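Here are a few notes for when you open this one. Have a look at the model alongside them.

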Amino acid sequence: MRKGLTLGLTVLLSAATLLAQPRGTTLVVDDKAEGIPIQPTMYGIFLEDINFAADGGLYAEKICNRSFEYDNPLQGWKTFGKVEVLSEGGPFDRNPHYVRLRYPGHPARQCGLENGGWLGIGLEAGAEYRLSFWARTAGKPRTVGLLAALCDPYGSAENQVLGAEEVTVTSSKWTKYEVVLKADRTAPKGAFRLLLWDESQEAVVDLEHVSLFPADTFHEDENGLRKDLAQALADLHPGILRFPGGCIVEGTSLDNRYQWKNTVGPVENRPININRWNYGTFERMFPDYYQSGGLGFYEYFRLAEEIGAEPVPIVSCGMACQFQNDPEWHPNCSLEDLGTYIQDALDLIEFANGSPKSKWGKVRAEMGHPEPFGLKYLGIGNEQWGAEFIERFEPFMKAVRAKYPDIQIVGTSGPYLGGEWFDDLWKEMRRLGVDLVDEHYYSWEGFYEKNANRYDSYPRTGPKVFAGEYACHGSDGKKFNHFNAALLEASFMTGLERNADVVVMSSYAPTFAHVDGWQWRPDLIWFDNLRVMRSCSYYVQQLYAANKGSRVIPLTIDGKPVADVRNLNATCAVDDATGDLIVKIANLSPYSQVVIFDLPGGLTGAERTALHSDNPMDENTLDEPSRVVPVTEQLDLAPVADPDNEWLLGVRHQENGRIAYSERLGGRTFAVYRFHTK
Ligand code: AHR
């Protein structure tokens, strides 16, 4: 048959198959294509201690300034009676301060301490709390009585006490004491009190590292994580867990950069660090926001392991935050001193992967994890730029490559989504041959609406992209987690997946925010002292990760990728384990439209999970956490009753053995379809 004739027949045939289709947009799923592998690391989590994400949030410790080491050693504490701060003779050399309590001078007075956590201590009726502290008697009496109490100091009930226990300090040597306290009612902003409870007027007691954890932590770890918040992370099915940031990596100045070595070993002896998000801004200041180091690098690697994510640590490259420092102040480490920073990074890899006989592998093993964590990635620097960065980055990277050639290096494209710094950095990253480049784009709606094709034109060789920090920020003051922002993120993310040969990792940022203590928004997960709320953006991330698939295959409208076609952005993946074809599609139009999926025949079932709100400004709240949530429906794959009736939606069998499944996709809707082929 002549070529022209074949073509003519094909056109006629497809026209025939389409004749009875409803009026709509046909998306053709090319299930025969080999496709592009989607990396297991594709959708992940960014975890930085901003917005009380760790201390005061995920890290389940309830006591603020438990070691009395803040610049003001009693910050976070209210004291009454005779309380002194001492620093000689404490049990922990790197945290020298402790407090001394003594008889207050009158039997009807009290001496003690009160701690209200960072933003109040959330206490729940019936829940148990593990109190521990180190103490010694310091006066004549050999034993000294104490009373520990969970309280509701701002409640109007007759009795502020929710639960109390007596503890007797029995030694003049520093000893750890532990007791379980039970709350008889709920107090969202409760407090903890520790009182000298002794009849002797000569009773003197020293106290250090006063710590209070819920008994029920994530995976029951003693130095554990808040269960509801950690579960929210696990439910994201993350491929990676980036930590510790963010700007926290860099520090306001080099001395408060993140130093991982200060966050391992016994928690009592981990030095604190002033949080970079503490009082840097006048508008939302939190002067008692320090990093305890309690959720440190061991806990981070454990968390990553527990939730099935690859750890992606980011280390300081010897430069403090460039936004906050003029180079003329010399805020960066000199090139001669860079070795210390490089060694820290090499030691971190040894801590993660080294044998228990190695120096840092031993520390890990002694903490309870003799098996290596299997670290594969290392990010060097966060939002850096300029010649001063490259002259530090290059030797840094070479040293890591020389010792650990298998570790994949994450470089950076700086703080912006494009422009001169971005272009220069990409050029340098290519020249240096990094494995991945970290891109950040906190941008407004217009960017997310129009850039699902951002990676279509990226080079297919060279470093891969780690979309390491991004979120749609509403313009005109709409900087909260409204549905429209989530929809636009979902739409944009079709382009990440379609370009899975370029983009191999991504993480929305930031992840957590305490409703009373945020410095940055929008954020993925909001919480207060007792409750958690998953934002609309959270559900988008979760839908992507839970429906990631193994390979992305072509999905086309009129032979072209579905990038900004009739207000639609879409992608299709195959899950090799189940055989499912997974279409993710965002309809950005306010109006519904008929979509027709051209699919292989023989489907055994299908469902659609949709995220939608009639009001684009809708958001979930702690009081109404389920206002906008994904809704799953089974699809009816029975053939339509009258295939010639173009008004009927549903399944039509095509002459070529394929099927066309049509339905009306709601306006402003993100939907994930799973078509089962097995
Ligand atoms: O995610 C909040 C901040 O945004 C990060 O710390 C920083 O990397 C970026 O500027």
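1. Buried here means under 20% relative accessible area, exposed over 50%, and partly exposed in between (1.4 Å probe, protein chains only). Helices (H or I, at least four residues) and strands (E, at least two) are DSSP runs, numbered from the N terminus. This is a predicted model, so local features need pLDDT of at least 70 and side-chain atom pairs count only at pLDDT 80 or more, while totals for chains, interfaces and linings use all residues. Residues are numbered from 1 along each chain as its sequence is written, and side-chain values use heavy atoms, with hydrogens and water left out.

2. Start with helix 11 (residues 536-546): 10 of its 11 residues are buried, so the rest of the structure largely encloses it. Among them are Cys-536, Tyr-538, Tyr-539 and Leu-543.

3. Next, the ligand. Of the 13 residues around it (a heavy atom within 4 Å), Glu-48, Cys-247, Glu-383, Tyr-442 and Glu-469 come nearest. By class, that shell has 7 nonpolar, 3 polar and 3 charged residues (nonpolar: Ala, Val, Leu, Ile, Met, Phe, Trp, Tyr, Cys and Pro; charged: Asp, Glu, Lys and Arg; polar: the others, Gly among them).

4. For Glu-383, a polar side-chain atom lies 2.8 Å from an oxygen atom of the ligand. Cys-247 uses a backbone N or O atom, 2.8 Å from a ligand oxygen atom. Taken alone the ligand exposes 280 Å², and the protein buries 95% of that (Shrake-Rupley method, 1.4 Å probe).

5. Finally, Met-285 sits in the loop between strand 16 (273-274) and strand 17 (290-291). Met-285 is partly exposed, at 37% relative accessible area.

Notes:
A polar contact is a pair of N or O atoms within 3.5 Å; within protein, one must be able to donate a hydrogen and the other to accept it, and residues adjacent in sequence count only if both atoms are side-chain atoms.
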